[in-house]
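Please look at the sequence and the three-dimensional structure shown here before reading on. The paragraphs after it are meant to be read with the structure in view.

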Amino acid sequence: MPLEPLSQKDVEDRLRELPGWSLSDDHDRISRSYRLPGHFAATAMVVHVAQIQEELNHHSDLTLGYNTVALSVNTHDAGGALTELDFQLAHRVEEIAPKHGAE
């Protein structure tokens with residue numbers, strides 16, 4: 001079953017549930033950056049996010065810094081639009097971020 005792009009209103013409504021997440025200027029990606037206590041914590045969070053992405057079979061652009069982790073996501077299978085799957089991933093990341101000390 002193909003993933004359907006969300007309407008602009010649906011995207012805006014879903015973003016209200018995800019403080020810290022933002023919509024790109026061209027409205028085709030959602031993203032968030034986290035600051036962590038150190039490099040090991042950031043690396044552990046990246047591994048945890050990668051595990052979630054594998055479970056969902058949905059992968060973001062994921063960037064590791066010394067004590068930062070950044071994600072940017074859209075759905076390639078929907079022509080680069082935003083879908084429910086992007087927001088499922090964002091919610092799952094939000095659930096695990098505090099366990100890594102992310103702010």
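What follows is a walk through the sheet, the helices, the core and a few single residues.

This is a predicted model, in which local features need pLDDT of at least 70 and side-chain atom pairs count only at pLDDT 80 or more, while totals for chains, interfaces and linings use all residues. Residues are numbered from 1 along each chain as its sequence is written, and side-chain values use heavy atoms, with hydrogens and water left out.

Helices (H or I, at least four residues) and strands (E, at least two) are DSSP runs, numbered from the N terminus, and two strands pair if DSSP finds at least two bridges between them. In this model four strands form an open sheet in the order β1-β2-β4-β3, with antiparallel pairing. The edge strands are β1 (22-23) and β3, each of which pairs on one side only. Strands β1 and β2 are joined in the antiparallel sense by two bridges, and here L23 stands opposite I30 in β2. Strands β3 and β4 also pair in the antiparallel sense, over four bridges, with T63 opposite A70 in β4, and a hairpin of three residues leads from β3 to β4. In general, strands of a sheet pair through backbone hydrogen bonds, either parallel or antiparallel.

The helices come next. Helix α2 lies across β2, β3 and β4, and runs at about 165° to β3, where axes are lines fitted to C-alpha atoms, for helices over the stretch in contact, and angles run from 0 to 180 degrees between N-to-C directions. Helix α2 also packs with α3 at an angle of about 145°, their axes being 10 Å apart. In this packing, residues of α2 that include M45, H48 and V49 meet residues of α3 that include L85, Q88 and L89, contact meaning heavy atoms within 4.5 Å.

Which residues have the most contacts inside the largest nonpolar core? They are W21, I30, Y34, L36 and M45, in a core of 26 residues. A nonpolar core is a set of buried Ala, Val, Leu, Ile, Met, Phe, Trp, Tyr and Cys residues joined through side-chain atoms within 4.5 Å, and buried means under 20% relative accessible area, exposed over 50%, partly exposed in between (1.4 Å probe, protein chains only). The elements giving two or more residues to this core are α1 (8-16), β2 (30-35), α2 (39-56), β4 (68-73) and α3 (84-96), and α2 gives the most, with seven residues. Leaving out residues up to four places away in sequence, W21 touches several others, among them L15, I30, Y34 and L71.

S60, in the loop between α2 and β3 (61-64), counts as buried because its relative accessibility is 11%. The side chains of S60 and Q53 are joined by a polar contact of 2.5 Å, that is, a pair of N or O atoms within 3.5 Å, where within protein one must be able to donate a hydrogen and the other to accept it, and residues adjacent in sequence count only if both atoms are side-chain atoms. R29, in the loop between β1 and β2, is buried because its relative accessibility is 18%, and its side chain makes a polar contact of 2.7 Å with the side chain of S72. D10, found in helix α1, is partly exposed because its relative accessible area is 30%.
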